[in-house]
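This briefing is meant to be read beside the sequence and the coordinates.

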Amino acid sequence: MKRLILPKRMMWGVFLLACWLAAAQSLFAQSEFADSSRSLNPYTTTLKSALLPGWGQVNQERLWEGAVFYFGSLHFYYNAFFHLYHYNKGKARRHYHAFRWNLNAALFVHLVNVLDAADVSFRKRPTGWQGGLFSDKPLKSPRGAALRSAMVPGWGQVYTESYLKGLAFALTDLYLAFRAHQADINYRSTRETKYRDERSKFSWYLGAAYLLTVADAYASAYLYKFDQAMKLTVVPVVDSKFVGFHAQIKF
C-alpha cells in the first residue's frame with residue numbers, strides 16, 4: 001500500500017493561518033459587535049466557519065455552539081493525525097482504519113459547522129454583541145473573549161484590542177507547547193527520566209499559561225474602553241457667598 005505522509009508543516013501552516021486570520025479580522029475589519037443597527041455579513045460569517053470551525057458561531061455570539069464545533073472537530077482532527085503518524089511508523093492496519101474513521105468524523109463535524117453558521121446567518125440575520133458605552137453591559141462580550149482565547153491563545157486579547165498582550169500570550173503558549181512536545185519526543189525516543197520530568201514541567205507551565213490567557217481575555221472585555229466610560233467633569237460654581245469648582249465623576 002502507498003505510504004501515507006504526515007503533513008507536519010501543513011498542520012503548522014494551517015494553525016498559523018488561523019491565528020493570522022483571527023488577528024486580521026479584529027485588527028483591520030470594522031467592528032461588527034458594537035453596531036447593533038446592522039446584521040453580520042452572512043457570507044463572511046460562513047467563510048469564517050469554513051476556515052476555522054466555530055469561528056462563525058462565535059462571531060454570532062453563539063458561544064456554546066462555537067465551543068462544541070471547535071473542540072469537537074479539533075478532537076477528531078487530532079486523533080486522525082495521531083493514528084496516521086503511528087500507521088506510518090508501524091503499518092498497523094488498526095491505525096489506518098482509526099485514521100480514516102476520525103478524519104471522516106472531523107470532516108462531518110466541520111461541514112455541519114459550516115451549514116449551521118450559514119443557516120443562522122441567512123435565516124436569523126444576527127447582529128452579534130450589542131454593548132453600549134454607558135450601559136451596564138460591557139462593550140465586548142467577556143464570555144466571547146474568553147472563548148476566543150480558549151480556541152486560539154491571544155485571540156481574545158486581539159478582540160479587546162490589546163494587541164501586544166495578545167501577541168505575548170500567543171507566543172508564550174506556543175513556546176511552552178513546543179517545549180513540552182519536544183520533551184515528549186525525546187522521552188519516547190530515549191526513555192530517559194529527565195525528559196519525562198521536563199515534559200511534565202512544561203505541560204504544567206502550559207496549562208497555567210493557557211488558563212491565565214483565558215482569564216485575562218475575560219477581564220479585558222469587562223475593562224474595554226473603561227477609561228472612556230469614566231469621565232471627570234469639573235465645572236465652576238458661582239454663589240453669593242463663594243466662588244469655586246465642582247468635580248463630578250461619571251460612569
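Tyr70 touches Leu52, Pro53, Gly54, Ala150, Met151 and Val152, not counting residues up to four places away in sequence, where contact means heavy atoms within 4.5 Å. Tyr70 is itself buried, with a relative accessible area of 9%; buried stands for under 20% relative accessible area, exposed for over 50%, and partly exposed for what lies in between, with a 1.4 Å probe and protein chains only. The model is a predicted one, in which local features need pLDDT of at least 70 and side-chain atom pairs count only at pLDDT 80 or more, whereas totals for chains, interfaces and linings use all residues. Residues are numbered from 1 along each chain as its sequence is written, and side-chain values use heavy atoms, with hydrogens and water left out.

**Nonpolar cores**

- The largest nonpolar core has ten residues, namely Leu52, Trp55, Val58, Leu63, Ala67, Tyr70, Leu147, Met151, Val152 and Trp155; such a core is a set of buried Ala, Val, Leu, Ile, Met, Phe, Trp, Tyr and Cys residues joined through side-chain atoms within 4.5 Å.
- Helix 3 (55–59), helix 4 (63–90) and helix 6 (142–151) are the elements that give two or more residues to this core, and the largest share, three residues, comes from helix 4.
- Apart from this core lies another, of five residues, among them Trp129, Ala145, Tyr159 and Ala221.
- As general background, nonpolar side chains tend to be buried together in soluble globular proteins.

**Aromatic rings and charges**

- A search of the whole structure finds eight aromatic pairs, a pair being two rings of Phe, Tyr or Trp (its six-membered ring) with centres within 6.5 Å, counted as stacked when the planes are under 30 degrees apart, as edge-to-face when over 60, and as tilted for the rest.
- Trp55 and Trp155 form an edge-to-face pair, with 5.5 Å from centre to centre and 85° between the planes; the pair links distant parts of the chain, since Trp55 is in helix 3 and Trp155 in helix 7 (residues 155–159), 100 residues apart.
- Trp55 is buried at 3% relative accessibility, and Trp155 is buried with a relative accessible area of 3%.
- The rings of Tyr70 and Phe71 have their centres 4.9 Å apart and their planes at 85°, so this pair is edge-to-face; Phe71 is partly exposed, with a relative accessible area of 37%.
- The charged end of Arg148 sits over the ring of Tyr159, 4.0 Å from its centre, and the charged end of Lys140 sits over the ring of Tyr224, 5.1 Å from its centre; the criterion is NZ of Lys or CZ of Arg within 6 Å of the ring centre and within 35 degrees of the ring normal.

- Ser220, found in helix 9 (residues 193–222), is buried with a relative accessible area of 10%, and touches Thr160 and Lys165, not counting residues up to four places away in sequence.
- A polar atom of the Ser220 side chain lies 2.8 Å from the backbone oxygen of Asp216.
- The C-alpha atoms of Ser220 and Ala145 are separated by 8.1 Å, although the two residues are 75 residues apart along the chain.
- Thr213, also found in helix 9, is buried at 0% relative accessibility, and touches Ser149, Pro153, Gly154, Gln157, Phe169 and Asp173, again not counting residues up to four places away in sequence.

- In helix 2 (residues 42–51), Pro42, Thr45, Thr46, Lys48 and Ser49 are buried; they cover an arc of only 155° around the axis, which puts them on the same side of the helix, the arc being that of the directions from the helix axis to the C-beta atoms.
- Tyr43 and Leu47 are exposed on the other side of helix 2.

**Chain overview and loops**

- The chain has ten helices and two strands, where helices (H or I, at least four residues) and strands (E, at least two) are DSSP runs numbered from the N terminus.
- Of the 251 residues of the chain, 41% count as buried.
- Lys91, in the loop between helix 4 and helix 5 (93–124), has a positive phi of about 60° although it is not a glycine.
- Arg125, in the loop between helix 5 and helix 6, has a positive phi of about 50°, and it is not a glycine either.

Definitions and conventions:
A polar contact is a pair of N or O atoms within 3.5 Å; within protein, one must be able to donate a hydrogen and the other to accept it, and residues adjacent in sequence count only if both atoms are side-chain atoms.
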